[in-house]
Every structure is written in C-alpha cells, then in structure tokens.
Amino acid sequence: MNLSHLLAARADAGRPVRVLLIGAGKFGSMFLSQVPHTRGIEVAAIADLRPDGARAACRAVGWDEALIAATRFTDDAGAELRRDDIDVVIEATGNPPAGIAHARAAFAAGKPVVMVNVEADALAGPLLAAEADAAGVTYSLAYGDQPALVAETVDWARACGFSVVAAGKGTKYLPLYHGVTPDTVWQHYGLTAEQAREGGMNPQMFNSFLDGTKSAIEMAAIANATGLAVPSSGLHFPACGVDDLPHLLRPRAAGGVLERSGMVEVVSSLERDGRPAFRDLRWGVYAVFEAPNDYAAACFAQYGLRTDASGRYAAMYKPYHLIGLELNVSVLSVALRGEPTGRPRGFAGDVVALAKRDLAAGEVLDGEGGYTVWGKLLPAQASLAAGALPIGLAHHARLRRGIAEGEVVGWDDVDFAAAGSALQTAIAARREMERRFAAPRAEAGAA
C-alpha cells in the first residue's frame, strides 16, 4: 500500500527505477502504455527479436518520439542484461526455454526478474526461485496476471487467520475445447480469421487460452506458489458464478466438488450445454475460505459475504484482471522492497502434454496451443511417477511411437536429438529441478 509513496521518493531523489523489458508482445505493450504516466519508472531498454516491431508497439501505446529516442531497442537481450543501468528485468517472451535462459543470465548479473513468462515458471519455476535466492536477488510472478493475483488473495486470507479451501480463476471452458486447433480457434471467440489478423492476434497463443493449457499452467504456478494441492485427475472446470463459489468449491464431504480442502480449481463461465453461467467469473480470480469459529461465521453474514448454506464457507473474488496494465506493482515491489508478488515455494503441480488426436510415430510436437498436444494439470508427484513430458518441452520433439488421442506423452516417447541448444538447456534445467524438488515439502499453513 506504500509503493506509490516509495516511488515518489525515489523519483524526487533522481533515482528512477530502470527496467529492461524482454518481449514487447501484448503483455509487454500493456506495461509500456503505463510508463509515460508513471513518474519514477523508466524503460532503459527493450529487447525483442524484432526491434522495429518493438518501436511500433511503443508508438501504438502512445509513446512520443522523444521517449522512443531515449530508449535502447535491440535483439540482444544478453548484452542488455550485463549493463549497469538496469534495476529490474521483465521476462515477457512467453517462450519457456528463452525465459529460463534470460532469468539465469539476469541472476548471474545480479538483477531481479519479474517473470511474465508463466510457461517458463510452470516448467522450472521452483529451480529459478532457488537460483535467485542463491544469487541474492528476487524472482517474482507478474502482478496483473492471474497467478500473482490469486497468490495475493491466498496470502490475504491466511494473514487474516482463515483456512483457504480453494483458489483459482475463471475462464471460458467446454470439454470440446481440448481438441481445438489454431485453424478452428476463432469461431469460439466469435471472430473471423481476418478480424483476428487485423487485431494482431496470434492463433496459437489464443488457442492455448481456450484448449485448457493456459489454465493448467497458471494453476500449476499458483499451486507451486501457495502450497495448495492439485486435483488428482486434473482440473474439473465446474460451471460456477460468483454467488455459488462458496457452495460449489468446498470439499465433497461438505457438499461441494473438491476432493478435499485446500485445492486449486478453475471455474467455467459456461454451463456444459453452452449456456452462460449466471454472474460468471470469466475474467477474474477467487479464493474460498472457511470461518475458524462461530463468531467469524456470524461476521460473514453481518458484512454481506456470499456464503454456503452453513454460513462457514465464504468467497472473496476480483472480477477482472488487467495483466500488463498492473505490472508496475511487481516492478516496484521487487525494486523498492525486494519482495516478490508471488513466487514458487515448492513443486506441487505440473502440466503434462496430452495428445489432441491420434499422433503417428515421426510427427513433431508443436507445443502450447498447437495442433498436436494440450496441457493437463497433474500433481507433480503423479507427473514424475508417470514419466510425463512437460508441456513446456513439447516443442520440436519428434515422436518415437504413435500416441492415441487423450494419452499422456512421456519423456521416452520423444526424440530431442534435433533440438537446438536453448531447448537442450531447458531440458537440463527441468531435469535438475525434478532431482531437487521431487520430494514434496510440507508448508506451514498450506491450507
């Protein structure tokens, strides 16, 4: 609650917070749109594979030519990471191997990282957080995206003395979406392919939002940051509006849908027949918590909280998230307080690759939101026991055998011989994380 005051003092002292942004896509552009209006934050450099595209993004979000001229644009993130005039690194590429490489280079240079790239966090976040600790810098989830917002809500509930029963987000979901491809995605968004192209929308990225992969990745990040458990058979995506959160998202023993108390789950804005759920939470996040005593339960009623019929389960929710428009909160928390807005504290959840259709031996996997696989959330121990291939590594891997639709792809099913050095390095990082974090670590107050 003091970030703006701390930033004002820093600006008054002539010491702005200087940022390196890696990746000027949608999330990065939304962050850039706020920079001219935030005294005390300066973007020293933007690293992108297309520097001219990054300049165009700055113009599109309202930067004037003087601000553009004062900013370095480059395709060499490594060189920028070594410069002295960088206080915080924002990794926003969305590419898991690139995110791992950039984070490690930042740690080596003594710089904290705000990891917008939740794909990289789901793949190796616990290892990256440990490496940041060893380097004496901060590794943080990105405020504005759902994982950090959920982690904040869970922390609020626990700090108030409540037991967290469930936490997660809303999305648009139907079971048939698991098989959607970039060729068929736009009809489910109510767009034509031409409209999507005109809007600069990437079909594979938007398909990862729809086919369940992004939800799984974000819930893995939340589970790893909060210690909440993962459903044993994966996310159920129950249709649920905000008024029914405390009724539906409670343990089965209490009349809800959860295996037990203290779990992550995603709620759908659509009933299974396609009808909209009443007062849906498609754009928001939530936490369901339990009153520790009769007095607290009575207070829930007195102050208007939505509860279940018993009055003991209540929900707190945020109906919207503004992704990059809110990213300043992470940048300032890391730079001014050395405090992450959420970070992995264990390895509770993993996202594994499942075949979208029958796949033949010799086919090459194309990763999140593609034509071949989608990502399913599993408990980390179940993923490791099954030898499942993480979705973040299901890129440019050739199948050794045929995989039936709906079957989990395993490490032994793929050949990475043709993978580039960045992917090989990411594979090694993931294997190291598995060795270091395979044993579950109990966390105080995990519920």
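Q: Hi! How many bridges join strand 1 to strand 2, and which way do these strands run?
A: Six bridges join strand 1 (residues 17-22) to strand 2 (residues 41-47), and the two run parallel. Strands here are DSSP runs of E with at least two residues, helices are runs of H or I with at least four residues, and both are numbered from the N terminus. Two strands pair if DSSP finds at least two bridges between them.

Q: Before I go on, what kind of model is this, and what pLDDT do local features need?
A: This is a predicted model: local features need pLDDT of at least 70, side-chain atom pairs count only at pLDDT 80 or more, and totals for chains, interfaces and linings use all residues. Residues are numbered from 1 along each chain as its sequence is written, and side-chain values use heavy atoms, with hydrogens and water left out.

Q: Thanks! Which residue is the bridge partner of Leu20 in strand 2?
A: Leu20 has Ala45 as its bridge partner in strand 2.

Q: And what's the strand order in the six-stranded sheet?
A: The order is 3-2-1-4-5-6, in an open sheet with parallel pairing. Strand 3 (72-74) and strand 6 (139-141) stand at the edges with a single partner strand each, so one side of each has no neighbour in the sheet. From one strand to the next, the twist averages 25 degrees.

Q: Which strands does helix 7 lie across?
A: Helix 7 lies across strand 5 (113-115) and strand 6, and runs at about 145 degrees to strand 6. Such angles run from 0 to 180 degrees between N-to-C directions, and the axes are lines fitted to C-alpha atoms, for helices over the stretch in contact.

Q: Staying with helices, at what angle do helix 6 and helix 7 pack?
A: Helix 6 (residues 96-108) and helix 7 (residues 118-135) pack at about 10 degrees, with their axes 10 Å apart. They are therefore roughly parallel to each other. The classes are: under 35 degrees roughly parallel, over 145 roughly antiparallel, 65 to 115 roughly perpendicular, and the rest oblique.

Q: Which residues of helix 6 meet helix 7?
A: On the helix 6 side they are Pro96, Gly99, Ile100, Ala103, Arg104 and Phe107, and their partners in helix 7 include Leu123, Leu127 and Glu131. By class, this contact of helix 6 with helix 7 has 11 nonpolar, one polar and three charged residues. Contact means heavy atoms within 4.5 Å. Ala, Val, Leu, Ile, Met, Phe, Trp, Tyr, Cys and Pro count as nonpolar, Asp, Glu, Lys and Arg as charged, and the others, Gly among them, as polar.

Q: What about helix 6 and helix 17, how far apart are their axes?
A: The axes of helix 6 and helix 17 (residues 421-437) are 9 Å apart, and the angle is about 75 degrees. That makes helix 6 roughly perpendicular to helix 17.

Q: Switching to the core: how many residues does the largest nonpolar core have?
A: The largest nonpolar core has 84 residues, and Leu365, Leu389 and Phe416 are among those with the most contacts inside it. Helix 7 gives the most to this core, with 10 residues. A nonpolar core is a set of buried Ala, Val, Leu, Ile, Met, Phe, Trp, Tyr and Cys residues joined through side-chain atoms within 4.5 Å. Buried means under 20% relative accessible area, exposed over 50%, and partly exposed in between (1.4 Å probe, protein chains only).
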